[in-house]
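Colleague: Please take me through this model, and for each label you use, tell me what it is set against.

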Amino acid sequence: MIRITLTVLTFVLSQTGFAETLLVSTQEEYENAVEALEPGDTIVLANGEWRDFEILFTGTGEPDNPITLTAETKGEVFITGQSNLRIAGEYLVVSGLVFRDGYTPTNTVISFRRTRGDLAYHSRVTETVIDHFNNPERQETDFWVMMYGKNNRFDHNHLVGKSNAGVTMAVRLDSEESQQNRHRIDHNYFGPRPVLGSNGGETLRIGTSQYSLTDSLTVVENNFFDRCNGELEIISIKSGSNTLRGNLFVESRGTLTFRHGNGNLVENNVFLGNGVDHTGGIRVINFDQIVRNNYLHGLTGHRFGGAFVVMNGVPDSPINRYFQVDNALIENNTIIDSDHIELAAGSDEERSATPVNSVFRSNLIHNEDRRNIVTVHDDISGIEFRANALNGVEDSPLADGFDNSGFELRRAANGLLYPVDEALADAGVSRDLQVLDRSNTGVSWYPKPGPDNRFDTGDTIEIEPGLDTLTDAAAGADAGDVITMAPGEYLVTKTIVVDCPLTFQAAAGTATVEFERTALFELVDDGSLKLDGVTISGRAAPDVAGNSAIRTSRYSMLNNFILIVRNATVEDLNTNHSFNFFTSSKHTFADRIEIADSSFSDITGHILPLNREIDDLGLYNGEYISITGSSFRNIEGAVADIYRGGTDESTFGPHFELRSSSLESVGIGSRNKSEASVRLHGVQDTNIVDNEFADSQPVRVTHIVGEPVTMMSRNRFIETPEPHMIEFVAQ
Ligand code: CA
């Protein structure tokens, strides 16, 4: 009697799930719990820090009865140190974890597989955060999320601040078990990814060239890409039959690129560049691609990074080069106030296969100032243009298939601009296109970062001259603080390590800083420096070669720094030879260096040597370098020596500006190997305007990659050779 009852009871319980919830507090408890999981069970990680935790989550759940790994409280379980997560099995769900303050010891933080043969299927990672979980070595490649298997979902996650090499997230198709995968990637927040300064900074990649003729069938929808600036490709599609829809791209440099693979659909996406440099839209390559109903506004990018780009292909292309555009359908897209549309882009001896069998119809292109933004690089007779609208562009290279009468735009309730004229109602995006609601992406309990206003947001600290008053103030300062220096003499006996954004500002009068170490300031990770009105003298520096007023860490730096020098006087950096104003190290990167209204004299080294990436791998040391309104006298090295080697085309910079400045006796030291007052090697964008060079070495510019633009005008050269240009890429 009893026996029968028990049997019935057991049966009933297993049918209803018999679900257990196991709260674990140690790694050992976790490992014991994970071995005995049944469908419907939940493992809960106790709140707090889990350090050096390589989580292996395996099991076999059921369609309506998954096995779950979650946090006691979402956002209060921190996975730190040398940690990662591997998921293998079926119907598994992970949620609520935060990865921060560490990095993966393997090549991936979250992997949808245990080993090459043991993958995840029908599994989901949701409401999980990865925040600056970076290998400390900038050029050490790893990945934050790798999707393998089939039918997996990655949704409502928050990924922010990947700054070492390696794509943030990738879908892999490297075995049959991972092909035709039907993954879903939705409602994620892809937060700011800084400029990497080399290839390998993509935010999302689907496939690789090797398997690119295989279908992936991945859906990428309703994700928010916020300032994803890693490199030229925000998203790199390298497989077939994927759908990317409803995503929002804000101020992200680069493009959504159909790099390899065929039959992909990109629709209903919104790109808002807000006029930020190098923001781009969509780049089309390969067969059977559909680009429909996308809204692109305020995008400034050019060449392969333009608002809209159709590439030329390579005849009989190897799988890793460029297939011809064939049978592309490009319809009902709206492109407003953007700078570049490039057709048959990349046309050269190798890329000679022009687009064929393609249709460009019912698209709307509007620039308020009616300037032409279209560049046609080759024969585009293989694109049929029909029923497109253009806002009265006088010198448009596109005529047939365009209504080029002027038209007005009006903002609709969805925030997007539409033509007022009813006759154009069918051109551009549909009236019901919805802009993604940013608050429906990522998680609610982890803030999305605001604007990067790193300087002058904190307290003002007033200091008096004297021995190490500057050092002490800097040591006690927090991010954004402004240290105001009363006039007088400051002596610094220890290198000031700058590990957060700090401003040093001289009050009225002269505040002179001398220093006794080999550097006055050293920028380390998270550090940025602004000097305003300060006088720096090298007179007290040690009598050794190779001092610097400012230097970066000697080791790799993950976070890009900013250096601003205004109204400064820098003198007598000459206690020994090769005394630089600034010294960078390999694998450090400046987002911006700006020198304005400053004077430099009697210096035995360089002012801005950004020349430490010499392996010709496409790396460099700084993105925007600007010198304006400044004077340089008796400088043995170069004012700027910028080196970007290699032929890789994944990056935007460097950019260099020298304006309204005077150079006298610059570059004349015997140790100046560049034999230049300004040497620019592989710089992409140069403006040298309104300067006077006297008794100096020449400007030397070498074009090695991309389509570099060098502007030199209104410069005077007195007892100085004319600029010396070497051209390897000229057309
Ligand atoms: Ca790339």
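Modeller: Let us start with D641, which, residues up to four places away in sequence not counted, touches L608, P609, L610, N611, S674 and R679, where contact means heavy atoms within 4.5 Å. This is a predicted model, in which local features need pLDDT of at least 70 and side-chain atom pairs count only at pLDDT 80 or more, while totals for chains, interfaces and linings use all residues. Residues are numbered from 1 along each chain as its sequence is written, and side-chain values use heavy atoms, with hydrogens and water left out.

Colleague: Where is D641 placed, and why does D641 count as buried?

Modeller: D641 is in strand 64, strands being DSSP runs of E with at least two residues and helices runs of H or I with at least four, numbered from the N terminus. Buried means under 20% relative accessible area, exposed over 50% and partly exposed in between, with a 1.4 Å probe and protein chains only. The relative accessibility of D641 is 4%, so D641 counts as buried.

Colleague: Why is P192 called buried?

Modeller: The relative accessible area of P192 is 18%, and therefore P192 is buried. P192 sits in the loop between strand 20 and strand 21. Apart from neighbours within four places in sequence, P192 is in contact with V160, G161, K162, D226, R227 and P449. Although P192 and F225 are 33 residues apart in sequence, their C-alpha atoms are 7.9 Å apart in space.

Colleague: Which residues lie nearest the centre of the largest pocket?

Modeller: P192, P194, D452, R454 and D591 lie nearest its centre, among 34 lining residues. On a 1 Å grid over the protein atoms alone, a pocket is an open set of points where a 1.4 Å probe fits, with protein on both sides within 12 Å along at least five of seven lines, and lining residues have an atom within 4 Å of a point. The largest pocket holds about 1,100 Å³ of space, and strand 17 (158–160), strand 59 (590–596) and strand 62 (622–628) each give at least two residues to its lining.

Modeller: The second largest pocket holds about 490 Å³; 25 residues line this pocket, and N580, H606, N611, R671 and K673 are the closest to its centre. Strand 58 (580–583) and strand 64 (640–643) each supply at least two residues of that lining.

Colleague: Which residues coordinate the calcium ion?

Modeller: The calcium ion is coordinated by N199 (OD1), E202 (OE), E231 (OE), E231 (OE) and E233 (OE), at 2.4 to 2.7 Å. Donors are N, O and S atoms within 2.8 Å of the metal, or 3.2 Å for Na, K and Ca, and water is not among the atoms, so sites may look incomplete. The spacing of the donor residues in sequence is N-x2-E-x28-E-x1-E. E202, in the loop between strand 20 (189–190) and strand 21 (204–207), and E231, in the loop between strand 23 (224–226) and strand 24 (233–238), are 29 residues apart and link distant parts of the chain. Both E202 and E231 are buried.

Colleague: Why is the protein chain as compact as a globular protein of that length?

Modeller: The protein chain has 3 helices and 73 strands. Its radius of gyration is 29 Å, close to the 27 Å that the globule rule gives for 731 residues, so the chain is as compact as a globular protein of that length; the radius is taken over C-alpha atoms, and the rule is 2.2 Å times the number of residues to the power 0.38. Buried residues make up 59% of the 731.

Definitions and conventions:
Grid points are joined across faces, edges and corners, and a volume is the space filled by probe spheres set on the points.
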